[in-house]
Amino acid sequence: MDDSKVSELRKAVNQQLQKAGVQGVLHQLLLEYQRTGERVTPEDVLDVLQGRGVIDELVRSVRPPQSAVEALVQVSNVGPSKPAELPSGKTFLHVKLLGGRAFTDYTVRIPGHDEQLQLSLELFGQRFNTKPVTAAVEPAFAGEAFFQLPTGPGPADPLQLLAMRQGLHVVVMQLRPMAAVVDQKWDLGPGPASAAAAAASAPEQVAAHLSVRRLVCALGTAEWRTALLRRSKVVVSVQLGVGPGANGIIPASTAPAGMLMLQLELRPAFSAALDESLLKSQQRMEHARDADVMAAFVANAKAWWGDFVSQNLAFKSRPIKVLAVGEDGSQYPVCCFVRPLQLGRTLANAREAARFVSLFRRREDLVALPTGGQSEVAECWCMLHTILVSGTATKEEMAVLLCSLLLGFGLDAWVVVGRLHDGAGHTWVMTRGPLASPCFWEPGTAVRYAITDVDTWPYQSVGCVFNHLRLYANSQCDDSAFGTSYVLEDATLWRELPMPPQELPAMPWSAIPLSHSVIRDPLELEAHLEARLRTAAAQHRRQVLGVDSATAWDDGLAQLLMPALAAYEHEAVSGEVAPGNDEFQQAIKRAVPLGWVFKAMPQHHSHVCVDLMRKAMLEEDQMLDILGATASTASFALRVKVFAYPECLTSVWMMLAVKYSAVT
């Protein structure tokens, strides 16, 4: 900063101090110390200014630039806020990030040049996402957020806050481009502010932002109630554990992933801080309650399992899922992971919710369940926040999320644990209609199978079903998916293990409103993808196929392909054939002259990475057959249709076509 700017800054500071009356207070203070003969120190001056409220008044009078205010915080239900503008009558937790420490992964390897880390915080359904930073042993996470605490109407009660057990959930993601050729930095994170920034950026920037693989590399929970013990700021360290790997497995809890430093403060502060012994007593009571409840549940479950197996020894080999491992490495009853979810207005109906779930990337392939019934499986079922920010899920997590969403839409939904026709273990969702008729929902594809679709069912057998209230084990001799009766209330057919919430260990988590897509103008993105794919197709024809002539593109024919792409997505969402197929066929016949050949091939992608789309296009035999058309009359068409879903998920359909005269 040059001398002129320094001079201007000093002048502005002096004016602000004069306006706040600081100089007058300092003059009076010096006179008092001069009369008493005491030696004055800077700390004494600050204490007096703080005691007389001068510093607080000065802070309230300072107005930072609007750009700084907008970058201060992104919280889903509060928005950008300044401390002086927080709504009155409500209590907020002010969280300031002080960076990361000792990220062990980077002590043994050098991060890639395109590798970044992004931090996401969640509390009571509110999220805050930092800008991505360079991956390092001590990542420079920075930012501030204000989380509103659910205190209800009236003045907040510290003891009421003390009883709120849900912690501040922390997820650290490793960001890498989907394709090696993408070499860009992403400074957009999901959330309201980032969505607005992405909307204002060029289509290629939006595509680059969405063409990122997010791997959860660290997880943890911060005890925010520590802020109740201080009337001012308190700094806490959060120990982070290693995130789920490729198979949804969390390593031993003794292997830390790193540490996060946070500064916590309540706004407004209470008149008196709570004693630390109260927090410790509350924590001991919570842990003791969980231990007692879990011990009672395990004893009840063992007795239930013994009675179930005593009916038929063959039942021991059926896939029955009673417990699952959570992010903290502890076991919980499976019902703790299911809850009726209503995540805002972004999903209009149950079938759209199923399509949304199917677009999450899978973290694992299908693996066979153990044949020992209740044998322990090394797995981890992640929290809703982790699934949303990473855009990835295991097949169990997808089934649990879909069941929770269907319950939120008022359906009688159950998670089903069973096997596929090839014997592999699988988890899917069932809803029951009139007379307990089942309808199966496949989480990975959003395909629905009614009772009349038995010939197309991929499911072989059913071991158990559960939701947020109870679990039923299949005690019928015929456990095939078709032969099983789904009248769960019949005790002769199903063995019930009740799981009332009040008798389960606490697993506090909140529903999180889904964020809108960063794609504000899909048409611009579609045009960008089409241009890039056209260039790739023409280059392939010239360099690989040796076609000397320029590739002719027919924009009119490309326009005619759009109804087909819209119909594909309609069918994927609704499970029904979209109307308009007759009109599409008529249009194509009119566009292709008599005696000409027409070929077309669609492809679907759950991303907008143009490099991966190009690779898939050039690896598909039918696509290569279309590109190999060498007739002089050949004209090509390519159309891309982008369907944006919440949480940066996308469904992309593209179609390549060619028409040419059959007469050479």
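H13 (residues 522-543) packs against H16 (residues 610-619) at about 40°, and their axes lie 10 Å apart. Helices here are DSSP runs of H or I, at least four residues, and strands are runs of E, at least two, numbered from the N terminus. Axes are lines fitted to C-alpha atoms, for helices over the stretch in contact, with angles from 0 to 180 degrees between N-to-C directions.

A word on the source. This is a predicted model, where local features need pLDDT of at least 70, side-chain atom pairs need 80 or more, and totals for chains, interfaces and linings use all residues. Residues are numbered from 1 along each chain as its sequence is written, and side-chain values use heavy atoms, without hydrogens or water.

On confidence: pLDDT is the predictor's per-residue confidence, 0 to 100. The chain averages 84, and 81% of the residues score at least 70. Residues 181-200 stay under 50. So much for the overview.

Back to the helices. What meets H16 from H13? Leu529, Arg532, Leu533, Ala536, Ala537 and His540 do. Contact means heavy atoms within 4.5 Å. On the H16 side, the residues include Val610, Met613 and Leu618.

Now the sheet. Three strands form an open sheet, order E21-E23-E22, with antiparallel pairing. Pairing takes at least two DSSP bridges. E21 (596-605) and E22 (635-644) are edge strands with a single partner each, so one side of each has no neighbour in the sheet. E21 and E23 (residues 650-661) share 10 bridges. Histidine 604 sits opposite tryptophan 653 in E23. H13 packs on this sheet too, touching E22 and E23.
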